[in-house]
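This report covers a salt bridge, a domain interface and a pair of packed helices. The structure comes first.

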Amino acid sequence: MADQRKKLATNVVGDFFVDSTCINCDTCRQLAPATFREMGEYSAVYRQPETEPELQDSWRALIACPVGSIGTVKKDKTSLQEAMASFPLHLEAGVYYNGFNSEKSFGANSYIICHQEGNWLIDSPRYVSHLVEAFERMGGIRYIFLSHEDDVADAARYARHFKATRIIHEEDAEAMPESEWLVRGNEPVVATPQVQFIPVPGHTAGSLALLYDQRFLFSGDHLWWDRDEHGLDVPSVLVWNEEQLRNSTTRLLDYSFAWVLPGHGERIHLSPARMKEEMQQLLRRRFKVNQQSVL
Ligand code: SF4
């Protein structure tokens with residue numbers, strides 16, 4: 001629970017506030033950009049929510065915050081419960097964002113795909129009874145896809161509870177050595193007619209993306225939308241191998257997708273044609289790849 005005594009001076013006066021336990025993970029800024037902004041080494045409330053959608057977003061940020069750094073002066077149990085009930089948050093088709101980001105993965109986002117042949121958990125949220133019960137109502141979890149070693153969080157507990165198959169690349173398998181399915185090498189794997197694993201080494205040696213239905217790219221920490229650049233971006237720090245990072249990014253030009261759903265950073269939904277253009281721009285901007293090679 002956030003502590004008013006630790007309230008940051010950078011918050012504007014009003015009901016919502018951030019305290020000094022903030023780890024600056026960006027989750028609140030993704031969920032409620034009209035309320036939260038980075039100020040120095042922390043997030044803070046730069047504008048109190050006014051409209052109903054802004055209030056809902058801010059309550060969701062409070063719940064998703066991995067370290068409980070967001071608080072309200074007034075207690076509003078109804079709004080809190082409504083925000084909690086909205087997780088997993090529906091995005092499109094059978095795809096949801098789970099909320100309840102975990103400190104163990106530095107606040108990485110996780111997702112669930114609901115599918116008639118078994119649901120897929122993509123990286124792991126905090127293990128909380130609200131999500132366990134929600135996943136049970138959705139039909140359980142058959143697979144847990146781990147994009148890379150940093151974002152496993154509570155995957156072992158979810159796997160135990162749902163008897164799910166954990167999937168990780170062998171190069172990152174130290175983070176979850178008891179995983180039931182190790183992806184080996186650098187070739188894409190067609191797991192089901194709608195699910196493909198795409199090795200994207202660069203940030204880590206075993207980074208993987210998952211492409212669902214040729215529409216949703218779950219990109220781990222390989223690729224995200226940068227709100228300041230107004231474009232796609234890849235890591236510039238914490239890079240295991242820069243050349244592999246470039247090759248992995250180039251490889252994604254071979255695929256069509258409309259959503260990028262990252263662990264860290266903003267998710268983005270564009271038309272597939274616009275997404276392709278954004279990928280080409282990223283390659284030119286970040287890796288100085290020439291025009292011809294990205295067409
Ligand atoms: S979600 Fe919480 S920890 Fe993350 S930046 Fe916001 S206040 Fe800080």
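## Salt bridge

Arg227 and Asp26 join their side chains in a salt bridge, 3.0 Å from N to O. The term requires a side-chain nitrogen of Lys or Arg within 4 Å of a carboxyl oxygen of Asp or Glu. Across the interface of domain 1 and domain 2, the rule finds one salt bridge.

## Basis

This is a predicted model: local features need pLDDT of at least 70, side-chain atom pairs count only at pLDDT 80 or more, and totals for chains, interfaces and linings use all residues. Residues are numbered from 1 along each chain as its sequence is written, and side-chain values use heavy atoms, leaving out hydrogens and water.

## Domain interface

Domain 1 spans 4-84 and domain 2 spans 87-294; the bounds come from an automatic or database domain assignment. Their C-alpha centres lie 26 Å apart. In contact (heavy atoms within 4.5 Å) are 16 residues of domain 1 and 16 residues of domain 2.

The two domains bury about 1,300 Å² between them, with 55% from carbon and sulfur atoms. Buried area is the accessible area (1.4 Å probe) that two parts lose on being put together, summed over both. Gln30, Pro66 and Met84 supply 35% of what domain 1 buries against domain 2, more than any other three residues.

## Helix packing

Helices here are DSSP runs (H or I, at least four residues), numbered from the N terminus. The axes of H2 (residues 52-64) and H3 (residues 77-85) come within 9 Å and cross at roughly 75°. H2 is therefore roughly perpendicular to H3, a label for angles of 65 to 115 degrees. Axes are lines fitted to C-alpha atoms over the stretch in contact, and angles run from 0 to 180 degrees between N-to-C directions.

Trp59, Arg60, Leu62 and Ile63 of H2 meet Ser79, Leu80, Ala83 and Met84 of H3.

Technical notes:
Helices (H or I, at least four residues) and strands (E, at least two) are DSSP runs, numbered from the N terminus. Angles under 35 degrees count as roughly parallel, over 145 as roughly antiparallel, 65 to 115 as roughly perpendicular and the rest as oblique.
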